[in-house]
Amino acid sequence: MRSIKKKRFLNIIVAMLVVAGLFSNGIEVQAKSYPDVPSDSWFAYYVDYVSNKGLLTGDANGNFNPYNEFTRGEVATAFYRLEGSPNIKYAALFPDVPDGVFYSKAIVWCYYNGIITGYENGKFGPNDSVTREQYVTMLYRYAKHK
């Protein structure tokens, strides 16, 4: 199971690196080390890269959580940050996306730009894990947006 999570993590990080490289707008932030990312780990360079670009950050405890799956809210946030976190007003588009959460404006921005949509039941599912199908669709839509 851990091997599957490692592969999933690598696939998502590599995809974000490709997107960041293709469409980077020069976002740079101070490098951050994470206690759960050993400096000699195979993925430390990639974590540093996306962290330095400000695309992905750690949790409230200062951990990166490299073996966790991405959620739809986190992916929306990464795309939003890749665009420089444009100023956007929150809109109550989905009943499960309240104002004031780290992903709130990112989800609204992604929705308005046609990158990520909600489910047929009207919800967004910000804490749902992203499937490969969803992620490929999001990457395609982001590339089309650019």
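1. Residues are numbered from 1 along each chain as its sequence is written, and side-chain values use heavy atoms, with hydrogens and water left out.

2. Confidence is expressed as pLDDT, the predictor's confidence in each residue, from 0 to 100. The chain averages a pLDDT of 84, and 78% of the residues score at least 70. Confidence is lowest in helix H1 (residues 2-23), at a mean of 57, and highest in H4, at 97. Over residues 22-31 the pLDDT is below 50, although this stretch has 22 contacts in the model beyond near neighbours in sequence; a contact means heavy atoms within 4.5 Å. Where pLDDT is low, the predicted coordinates should not be read in detail.

3. For the chain as a whole, buried residues make up 39% of the 146 residues. Buried means under 20% relative accessible area, exposed over 50%, and partly exposed in between (1.4 Å probe, protein chains only). Of the contacts with a separation of 6 or more, 69% are between residues 24 or more positions apart. The chain exposes about 8,200 Å², of which carbon and sulfur atoms supply 52%; accessible areas come from the Shrake-Rupley method with a 1.4 Å probe, and for residues, only the protein chains shown count as cover.

4. The largest nonpolar core has 35 residues, of which Val75, Phe79, Trp109 and Ile116 touch the most other members. Such a core is a set of buried Ala, Val, Leu, Ile, Met, Phe, Trp, Tyr and Cys residues joined through side-chain atoms within 4.5 Å. The elements that give two or more residues to this core are helix H2 (44-52), helix H3 (72-82), helix H4 (104-112) and helix H5 (132-145). H3 provides the largest share of the core, six residues.

5. Helix H2 has Ala44, Val47, Val50 and Ser51 as its buried residues. These residues lie on the same side of H2, because they cover an arc of only 135° around the axis; the arc is that of the directions from the helix axis to the C-beta atoms. Glycine 54 follows H2, and its phi is positive, near 80°.

6. In helix H4, the buried residues are Ser104, Ala106, Ile107, Val108, Trp109 and Cys110. The cover over the buried residues of H4 includes H3 and H5. Just after H4, glycine 114 takes a positive phi of about 70°. Arginine 81, in helix H3, is partly exposed, with a relative accessible area of 22%.

7. Which residues of H5 are buried? They are Gln134, Tyr135, Met138, Leu139 and Tyr142. Seen down the axis of H5, its buried residues fall within an arc of 135°, so they line one face of the helix. On the other side of H5, Arg132, Glu133, Val136, Tyr140 and Lys144 are exposed. An α-helix has 3.6 residues a turn, so residues three or four places apart point the same way. The 14 residues of H5 should span 20 Å at 1.5 Å a residue, and its end C-alpha atoms are 20 Å apart, which agrees; the expected span is 1.5 Å times one less than the number of residues.

8. The loop between H2 and H3 holds threonine 71, which counts as buried at 14% relative accessibility. Not counting residues up to four places away in sequence, threonine 71 touches Pro126, Asn127, Asp128, Ser129 and Val130.

9. Asparagine 65, in the loop between H2 and H3, has a positive phi of about 60° although it is not a glycine. Asparagine 65 counts as partly exposed, at 26% relative accessibility. Serine 85 is found in the loop between H3 and H4, and its phi is near 50°, a positive value in a residue other than glycine. At 36% relative accessibility, serine 85 counts as partly exposed.

Technical notes: Helices (H or I, at least four residues) and strands (E, at least two) are DSSP runs, numbered from the N terminus.
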